[in-house]
Amino acid sequence: MIGLIALVLGLQLAGELAARLLQLPVPGPVIGMLLLFAALALRGGTPDGLSRLANGLLSHLALLFVPAGVGVISYIALLAEAWLPITLTLLASTLIGIVATAFTLRLVERVRQRESD
Amino acid sequence: MGELFEMWVYLSEEPLVWLTLTVGAYALAHRLFVLSREFALLNPVLVAIVLIVTALALTDTDYAVYFDGAQFVHFLLGPATVLLAVPLYAQWQRLRQQWLGLSLALVVGSVTAISSALGIGLLLGLEADTLRSLLPKSATTPIAMGVAQQIGGEPSLTAVFVILTGITGAIAGVPLLRLLGERDADVKGFALGVVAHGIATARAFQHSERAGAYAGLGMGLNAALTALLVPLIAWLFGLY
């Protein structure tokens, strides 16, 4: 387990270094993710311990957003008197976006499945 | 009483108090969410934030002091992002077959999220400065703040919009899609990730590993696409 933790941290570090050195517009951890994906593809499978580690952390991914969320909510006063139209805009456009994305994927999948039948 | 106060003064300087508060508030919020059979408005991120903000206000604690402890949790976002490779790899065969649908849905979702914010915002009379900060809201926080900076918005305002978008998607996304008859974990997950990034991806992982993998993919792809599209759309409408 400890080796896997070191591996994950090492890949994140490698990602950060690559992002800085090559001035990539991609965050370091994302490059780390691509590296881990490439490693899994080369190896042809995920070690059990790594699956458990990923499951453990990702099933409580929500926790990890709490500190930033607390910080940002203290800036909520920035919304000032325009808070109502801003909130309405955010709410509506988020819901519209989710429906549009889901609808498109559903539509293409339906066509694809009909063709493969 | 005096002793207790001294103890508090000592402890409140320690990161441990705020780390414990963060994990404890989330554990409680998660418990409530499960006990309420996943009642959407009891979203664990939202409830934990409200509990902690209340605690900080009652104890008159600065965010910087709080973050001294909470940073240990915050730091894990990096390793968690690296570990997203695991569910993505597990779903890779399915994802590959669906590449066309996923690409189209990504583009439609990204354009819709940006342009509907622009349209509705203009309709409701938001100022150009606010709009510039609002448009990148569907990207992850660091990307969205960078884009806002680039087009002349206010990055700290954008950070607020990003979090509010994530919480909105996490709360309303699943019930909304269920209402529209969507049962497929793939579709739900991808839509949540594209439009409402990390916090909604966390919600998708509570649903299932497959939904989480699709959400993670959507989040990553749309972070990149938003960085390209927002300056373009802002420029088309004379905002940039």
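A residue counts as buried if 20 or more other C-beta atoms lie within 10 Å of its own. In this predicted model, that criterion picks out helix 5 of chain A, residues 66–73. Its buried residues are V66(A), P67(A), A68(A), G69(A), V70(A), G71(A), V72(A) and I73(A). Eight of the eight residues are thus buried, so helix 5 of chain A is largely enclosed by the rest of the structure.

The surroundings of this helix come from both chains. From chain A, helix 4 (61–64) packs against the buried residues of helix 5.

The contact between the chains was then examined as a whole. In chain A, 64 residues are in contact with 86 residues of chain B. Helices 1 (2–21), 2 (28–43), 3 (48–58), 4, 5 and 6 of chain A each give two or more residues to the side that touches chain B. Helix 6 of chain A gives the most, with 23 residues. By class, this side of chain A divides into 47 nonpolar, 14 polar and three charged residues.

Helix 6 of chain A (residues 83–116) packs with helix 11 of chain B at an angle of about 50°, and their axes are 9 Å apart. That angle makes helix 6 of chain A oblique to helix 11 of chain B. The crossing is right-handed. Residues of helix 6 of chain A in this contact include L90(A), L95(A) and A102(A). Among those they meet in helix 11 of chain B are F161(B), G169(B) and L177(B). The contact of the two helices has eleven nonpolar, five polar and no charged residues.

Notes:
Residues numbered from 1 in each chain as written. Chains lettered and ligands numbered in written order. Predicted model: local features only at pLDDT ≥ 70, side-chain atom pairs only at ≥ 80, totals over all residues. Buried ≥ 20, exposed ≤ 12 C-beta atoms within 10 Å, placed from the backbone. Helix = DSSP H or I, 4+ residues; strand = E, 2+ residues; numbered from the N terminus. Contact = placed C-beta atoms within 7 Å. Axes fitted to C-alpha atoms, helices over the stretch in contact; angles between N-to-C directions. Parallel < 35°, antiparallel > 145°, perpendicular 65-115°, else oblique. Left-handed = near helix turned anticlockwise from the far one by under 90°. Nonpolar A, V, L, I, M, F, W, Y, C, P; charged D, E, K, R; others polar.
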